[in-house]
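Please look at the sequence and the structure before reading on.

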Amino acid sequence: MRFDIVTIFPAFFSSPDASATGVLNFGVVARGLREGVAEVHTHDLRSFTHDRHRTVDDRPFGGGEGMVLKPEPIFDCVESLQVAPKSGRDTHRQSVILLSAQGKRFSQATARRLATLDRVVLICGRYEGVDERVSQLLCDEELSIGDYVLSGGELAASVVVDSVVRLLPGVLGHADSSKFESFGEDDAASNPTTESNSQDPPRATNASGGLLDYPHYTRPAEFRGVAIPEVLAEGDHAAVRRWRRQAALAKTLANRPDLLENAELSDEDREFLAGL
Ligand code: SAM
């Protein structure tokens, strides 16, 4: 899989073999990039300008605050990347994406979809934003990483790259790790009451099925007066599995009740939630 990031701050990312340290140079994502699971190429928008000052922005038509990123350097840059033109682009293989506070909300489901593509181009805005014709004529989608305004698209692009790369085969230690975590895909196996063999050891994470992950504990068993839930130390796999499911349900109800609307819930789950 290949990412191309269009930015006026390429040093923000830095490639895995560069000596400078960028946001993608850490942890499992850096390892995945080093091992060639995905490539990230950054493109300095200023290299696609033709004036002495390498101007990428201009004043907004209609007046008002701030500056707007000009379309020409962005078009020249993206067209140099040899992605298919928008009209003939196979969006099951390639996507040109504008990071924008006005975009559709980026989610784990979007990350899973992008992880199936060969090629993703990420255009990072700055200032007041990007000339609208970039979105209209060049991009397949506009993505927002949340309901707040960042000063530039670089952080948002990093969020997209990180969350997609870790889903690619071979990046996480265990193939199922990304399935059994917060916002995991709905899956019958995610529910302990439908799991094929409830005597199997609980997995490192125990399938959220669209819920938030359950709380995790490690040694020491007691820390600053707070003991781990006893069930986790008793070796009863079915009981651990049940506790994790219920803890995930409780956490989701407390922090993200909206997720419960679409989660796959058993009768037992519903009964547990009703009791909370
Ligand atoms: N005037 C714009 C608005 O009100 O929607 C905000 C522009 S923002 C200061 C500059 C750039 O940061 C945007 O063009 C976009 O690339 C990026 N950006 C800001 N917030 C974002 C978000 N929530 N998700 C993705 N990108 C964002």
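The sections below treat the model, the ligand site, a salt bridge and the backbone.

## Basis of the report

The model is predicted, so local features need pLDDT of at least 70 and side-chain atom pairs count only at pLDDT 80 or more, while totals for chains, interfaces and linings use all residues. Residues are numbered from 1 along each chain as its sequence is written, and side-chain values use heavy atoms, with hydrogens and water left out.

## The ligand and its surroundings

The ligand is surrounded by 20 residues, each having a heavy atom within 4 Å of it. The closest are Leu 99, Gln 102, Gly 125, Glu 128 and Tyr 148. By class, nine residues of the shell are nonpolar, nine are polar and two are charged; here Ala, Val, Leu, Ile, Met, Phe, Trp, Tyr, Cys and Pro count as nonpolar, Asp, Glu, Lys and Arg as charged, and the others, Gly among them, as polar.

Strand S5 (94-105) and strand S7 (141-144) are the elements that give two or more residues to the shell, strands being DSSP runs of E with at least two residues and helices runs of H or I with at least four, numbered from the N terminus. The largest share, four residues, comes from S5.

Side chains of opposite charge can pair when their charged atoms come close. The count of salt bridges is 13, each being a side-chain nitrogen of Lys or Arg within 4 Å of a carboxyl oxygen of Asp or Glu.

In one of them, Asp 140 pairs with Arg 89, and the closest N and O atoms are 2.8 Å apart. Asp 140 lies in the loop between helix H4 (132-137) and S7, and Arg 89 in the loop between helix H2 (71-80) and S5; the pair is 51 residues apart and links distant parts of the chain.

## Backbone exceptions

Most residues other than glycine have a negative phi, and most peptide bonds are trans. Arg 54, in the loop between strand S2 (39-44) and strand S3 (57-58), has a positive phi of about 50° although it is not a glycine. The peptide bond from Arg 219 to Pro 220 is cis, with omega near 5°.
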